[in-house]
Amino acid sequence: VKPARFDYVRAASLDEALAVLHHEGGDARVLAGGQTLLPMLNMRMARPRVLIDIMQLPELNRLECIDGTIRVGAAVRQRALEEHADLVSRQPLLAAALPWVGHAQTRSRGTVCGSLAHADPSAELPLVLLALGGDVELRSRQHSRRVAAEQFFTGMMSTDLRGDELIEAVRFPAARTDTGYAFREIGRRHGDFAIVACAAVIDRRTARLAVGGVAERPTARALPLPGDPALDRALDAFAWDLDAHDDLHATAPYRRELVRRLGRQTLEEAARCRA
Amino acid sequence: MHDCGRILHPAMVAGQISGGFAQALGAALYEEYAYAADGSFLSGTFADYLVPTAMEVPEPVILHRQSPSPFTPLGAKGVGEGNCMSTPVCIANAIADALGLAELDLPATPAKLAAIIHGPEPARTRHS
């Protein structure tokens, strides 16, 4: 219930953070908002030797809207993105999903990129990034690279992030014209992790549905548009393909039923928003 | 509707009833000591043992009936956590009535009710 001993480095520059990461490799963890990492330390589910605090780095605390992209730096808190003045018009899917991320109290501490790095299969922000086809900017001392959401989330709480890398920023594609977005979620209580969460993106010709909380990572699929009689069968196949499991809060059949029903509702809402 | 005899402290009575109602809602819909088949305890943290929060608990309409007790000097009766016992039964009976059930194990979770409402899931149909 208290963490094991660790060293704490408050990085004074991004270079220092990257140097410590390079030196310590997998024994170091990046500390941002601490809303997930610190409970994991307390429960001894993570035992890093060094924590590298990146929250004092102004270059990581930038929130920029450039070239059809919303770029969120690693130190930007979820609440800062949520309160961004034009978020609803710039990317309505983010605006719809953010209130579902934990609680207002945790969002005022937790970071957007921290949620992506943790990669909980039922978390909202990875789901939204996948639905939009965004990517993450990774950086180590030697190189930087951009990885698409589709490749970044590799499994249950695991990502493509290497031991010497940190997430520098995430890029959410901004809203496109003639495109509808919708987000829906079912959980046990307000602020709990989703049993099933759905994010839909619909334009004139294509419908894309991303589902979280069912498979070991968020999963997206192109589906027939609402109104197409093939949608029900495609949703049913999607629900089964996610390989749902039983746990304390829901059964596999209930999860599949939610994918079929909530998935359809989310797609229909996105289609309405496009119109 | 509660009868705690003569009400000595209305705010405290309302507090006990409201708190008891919240706990009762937890018992009826959320809280469960769950164990896996191998006996391991599954609801050992408050992330898994779900206690209702202010977001889940509606404000109850509290009605009083005051029939003073002849056995106490002030006519008061007990009201400690009044509601804990009655509310789960009311919720369970409401669900049983709505779904035509003879019995229902609490907590009445969404997955449990969905299974009752939708019946067995059809086997997967393979599409070519």
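# Close-up views of a two-chain predicted model

Figure 1. The model is a predicted one. On the side of chain A that touches chain B, two or more residues come from each of helix 10 (231–241) and helix 11 (252–274) of chain A. Helix 11 of chain A gives the most to that side, with six residues. Sorted by type, the residues of chain A that touch chain B are ten charged, six nonpolar and three polar. Salt bridges between chain A and chain B number three. A:Asp241 forms a salt bridge with B:Arg124, and the closest N and O atoms of the two are 2.6 Å apart.

**Figure 2. The area buried between chain A and chain B is about 1,900 Å².** The size of an interface is often given as the accessible area lost when the parts come together. Here, carbon and sulfur atoms give 59% of the area buried between the two chains. Within chain A, the residues that lose the most area to chain B are A:Arg188, A:Arg189 and A:Leu248, which together make up 39% of what that side buries. Counted by residues, 19 of chain A are in contact with 25 of chain B.

**Figure 3. B:Thr109 lies in a loop of chain B and touches chain A.** The loop that holds B:Thr109 is between helix 2 (86–99) and helix 3 (110–118) of chain B. Is B:Thr109 buried or exposed? B:Thr109 has a relative accessible area of 8%, under the 20% limit, and therefore counts as buried. Apart from neighbours within four places in sequence, B:Thr109 is in contact with B:Leu29 and with A:Arg188. A:Arg188 is also one of the residues of chain A that lose the most area to chain B.

**Figure 4. Helix 10 of chain A is mostly covered.** Of the eleven residues in helix 10 of chain A, eight are buried. Among them are A:Leu231, A:Ala234, A:Leu235 and A:Phe238, as well as A:Asp236 and A:Trp240. What covers the buried residues of this helix includes strand 13 (207–212), strand 14 (219–223) and helix 11 of chain A. Just after helix 10 of chain A, A:Asp243 takes a positive phi of about 60°.

**Figure 5. Chain B is built of three helices and zero strands.** Read from the N terminus, the elements of chain B run α-α-α. The radius of gyration of chain B is 20 Å, well over the 14 Å that the globule rule gives for 128 residues, so chain B is more spread out than a compact globule. Along the principal axes, the C-alpha atoms of chain B fill a box of roughly 80 × 35 × 25 Å. Buried residues are 30% of the 128 in chain B. Of the contacts in chain B with a separation of 6 or more, 66% are between residues 24 or more positions apart.

**Figure 6. Chain A holds eleven helices and 14 strands.** The radius of gyration of chain A is 19 Å, which agrees with the value near 19 Å for a compact globule with 275 residues. The C-alpha atoms of chain A fill a box of roughly 60 × 45 × 30 Å along the principal axes. In chain A, 53% of the 275 residues count as buried. Residues 24 or more positions apart account for 60% of the contacts in chain A with a separation of 6 or more.

Terms used. Residues numbered from 1 in each chain as written. Chains lettered and ligands numbered in written order. Predicted model: local features only at pLDDT ≥ 70, side-chain atom pairs only at ≥ 80, totals over all residues. Heavy atoms only, no water. Contact = heavy atoms within 4.5 Å. Buried area = accessible area lost by both parts, 1.4 Å probe. Salt bridge = Lys/Arg side-chain N within 4 Å of Asp/Glu carboxyl O. Helix = DSSP H or I, 4+ residues; strand = E, 2+ residues; numbered from the N terminus. Nonpolar A, V, L, I, M, F, W, Y, C, P; charged D, E, K, R; others polar. Rg over C-alpha atoms; globule rule 2.2 N^0.38 Å. Buried < 20%, exposed > 50% of the residue type's maximum accessible area, 1.4 Å probe, protein only.
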